[in-house]
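Here is a short tour to read with the structure open beside you. Take your time and follow along residue by residue.

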Amino acid sequence: MEAQETFFRILDGKLSNLQAVERRELARKNICLTATGSRRRPCYTIVDTGEGQTPEMLPQTFLSLARSNKLSIPFVQGKFNMGGTGALQFCGTHNLQLIVSRRHPSIRDLRGNQPDRRWGFTVVRRENPTAGRRSSLYTYLAPSGHILSFNAESIPGMPGQYPDAYKAPLEAGSLIKLYEYRMPRAQSALTLRPYYRLSLMLPNVALPIVLCERRAGFTARSLDTTLAGLTTRLDTRDRALEPGFPASLALRVGGQPFGVSVYAFRRGKAESYRAREGVLFTINGQKHAHFDDRFFMRKKVALPFLRESLLVMVDCSNLSGRQREDLFMNSRDRLREGRLKSMLEKELEGALREHPGLKKLNVTRRQEAIGQKIKRSRMLAKTLTDLLSRNPELATLLGSGTRIPNPFPKDQATTAFEGKKFPTFFRLRGRPPRSCQKKKRHAVHFETDASNDYFERDSEQGSFAVTSAGRAVDCRFTLFNGHGILSVPPDPSAVVGDVVSYRVKVTDPSRSPMDPFVEAWEVTVRPATEESRPRPKPRGNLLSLPEVYEVREADWRLHSFDRRSALSVVPRAGKAYTFFINMDNLFLLSEQKASREDVRILGERFKTALVLIGLALLRDSEDREQRDGHDGREEDVFSRIGLVGRALAPVLLPMIGHLGNLDVGE
């Protein structure tokens, strides 16, 4: 942020503080990405007007594989030293890359001398394995061991107006051209689908980038556009988000701070900003790993109706070098399995599950999806009751009792919350807990007038620290509409009867270091209670049915259904589930039209069969989880149920009708 403000006059380091025309001009002067070549085999040229390199420096910078030359610079990428070489494997059949660079004339060397003003250039390519060498080798052009060079005040390296790809002068900086680069969505204009994808991959880009499409044959409205990152797009289009968002969470895991931003989109708006990504893990504004949106289907997150409307960004920029290596793969596409990942995943699950704004929004979306009336069926009740009486194991998937409780809390009057950038108070809300179970977390509630993004914003953000007996404690802090929830883990060294003291300090740049918000409390450790989990015994009509709702074509969008979709299952509390059946399924309607049987009977058969299939898959998932242990992938069963229902829908009714008419003679 300081570099952005000092060198580029970007207030608070936020690109959204610039006008669109200012972002465009800043991009054109500094960084360009240009597409040339053909649709199927495009070439991409990246040009920047930064410091550049002398010919002698190229082997130690762009062409190095063993140097960590950016580790000491906190605000740049390149921490894994794979930026230039990592792209080579995608550069067509021959893996060719052109590099041209010139040191900026205003930069002196360490001795105060003027830099070498020559342009250095080379070509990098992939050499196939030969006898005695089992793997490929990347080599660069350097006749007689020296990088080629030439003298010129500028080169035609920056794009001009369409169709000129290399028209405007480049006086210093670097140019990298990737030949025949295999990029997803390459046949789309660079300013369309690739633009949206790059916005997601660079959600908090430090400087804007101009994207220039210079291939022939495109009819996009604009062949030049400015990439400013996903958060800038959201900051300038606040109508895409639900009221109160983005919201912030603050986590401290393994002694390391993590800032979390939560974006809850209005219905149907998220598809313009994300695909299947649910949780992004970023370093200095660049995505390094992600969880897909099935993460929100987990029972430990319990936000199934927000699956397609949430995007969570976890900022990992403050990790130590060792922790960063432990958390991220060098490929920067996924997290590395290990203790830090498991702890972070667990804390994130809890923080999202407890978030009051998300909980309320999930209930609202559920109410929109199913309404207040529950569809009941005598045939479904009889079939399930008979089946469960013969197979008690399936009963564990259902609750006990004769009624399904109202899934919607009573409406509470709410007023719009107007938070302050710098709060005037941050205090305990009510009485803190006096005791906690051994090995159990306890929650402390706060009230404040801080804005929802207080703990995670681009500039002047708040921070918190919790200590016990002078030691830092890993905690998570959820803040929404003036209500803060601090979740405190158990003290592993405490025994029953111990009194454990805690102290929380909340501060921000507006407050003197000697005047933070401070609160303290004590809890007495009491014995852990054993939770009894008796297996419910099915007894006739005492078993409650799963919630089953019929979905018609008018409501397909609420469930991501189409004409071939058949079944969707979402989790509720405990081991309860809600079933959605597509009663306007293509194959059901076709069978109802062609058959002489009552359309209502066919509909009940279709619905009952799908519910039984869903229950069977849930039972199988629970069995495998108990056998193999929890691996954080239980959300996969809900995707699998949808796919199986879709695959079986064409054969369900014909199979039921035919098998019911079989006799021994046949």
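The report below goes through confidence, the sheet, a helix across it, and some aromatic side chains.

This is a predicted model, in which local features need pLDDT of at least 70 and side-chain atom pairs count only at pLDDT 80 or more, while totals for chains, interfaces and linings use all residues. Residues are numbered from 1 along each chain as its sequence is written, and side-chain values use heavy atoms, with hydrogens and water left out.

**Confidence**

The chain has a mean pLDDT (the predictor's confidence in each residue, from 0 to 100) of 83, and 84% of its residues reach 70 or more. For residues 69-77 the pLDDT stays under 50, and the model gives this stretch 21 contacts (heavy atoms within 4.5 Å) beyond four places in sequence. Residues 398-408 are also below 50, with 28 contacts beyond near neighbours in sequence.

**The sheet**

Helices (H or I, at least four residues) and strands (E, at least two) are DSSP runs, numbered from the N terminus. Two strands pair if DSSP finds at least two bridges between them. Nine strands make an open, mixed sheet in the order 15-14-16-13-12-22-23-19-17. Strand 15 (286-292) and strand 17 (426-428) are the edges; each has a single partner strand, so one side of each lacks a neighbour in the sheet. From one strand to the next, the twist averages 25 degrees.

How is strand 16 paired with strand 13 and with strand 14? With strand 13 the pairing is antiparallel over six bridges, and Tyr-263 stands opposite Leu-311 of strand 16. With strand 14 the pairing is parallel over four bridges, and Leu-280 has Met-313 of strand 16 as its bridge partner. Five of the six residues of strand 16 are buried (under 20% relative accessible area; exposed is over 50%, partly exposed in between, with a 1.4 Å probe and protein chains only), leaving the strand mostly covered. Elsewhere in the sheet, strand 19 (442-448) and strand 23 (483-488) pair in the antiparallel sense over six bridges, and His-445 faces Ile-485 of strand 23.

**Aromatic rings**

Rings of Phe, Tyr and Trp (its six-membered ring) pair if their centres lie within 6.5 Å; planes under 30 degrees apart count as stacked, over 60 as edge-to-face and the rest as tilted.

| Pair | Centre to centre | Plane angle | Class |
|---|---|---|---|
| Tyr-44 and Tyr-181 | 6.1 Å | 85 degrees | edge-to-face |
| Phe-245 and Phe-480 | 5.1 Å | 40 degrees | tilted |

Tyr-44, in strand 2 (42-48), and Tyr-181, in the loop between strand 9 (173-178) and helix 4 (193-201), are 137 residues apart. Tyr-44 is buried at 2% relative accessible area, and Tyr-181 counts as buried at 17%. Phe-245 and Phe-480 are 235 residues apart, and both are buried.

Ring pairs also join Phe-426, Phe-446, Tyr-454, Phe-455, Phe-464, Phe-477 and Phe-517 into a cluster. Arg-511 lies over the face of Phe-517 at 3.9 Å from the ring centre; a charge sits over a ring if NZ of Lys or CZ of Arg is within 6 Å of the ring centre and within 35 degrees of the ring normal.

How values were computed:
Axes fitted to C-alpha atoms, helices over the stretch in contact; angles between N-to-C directions.
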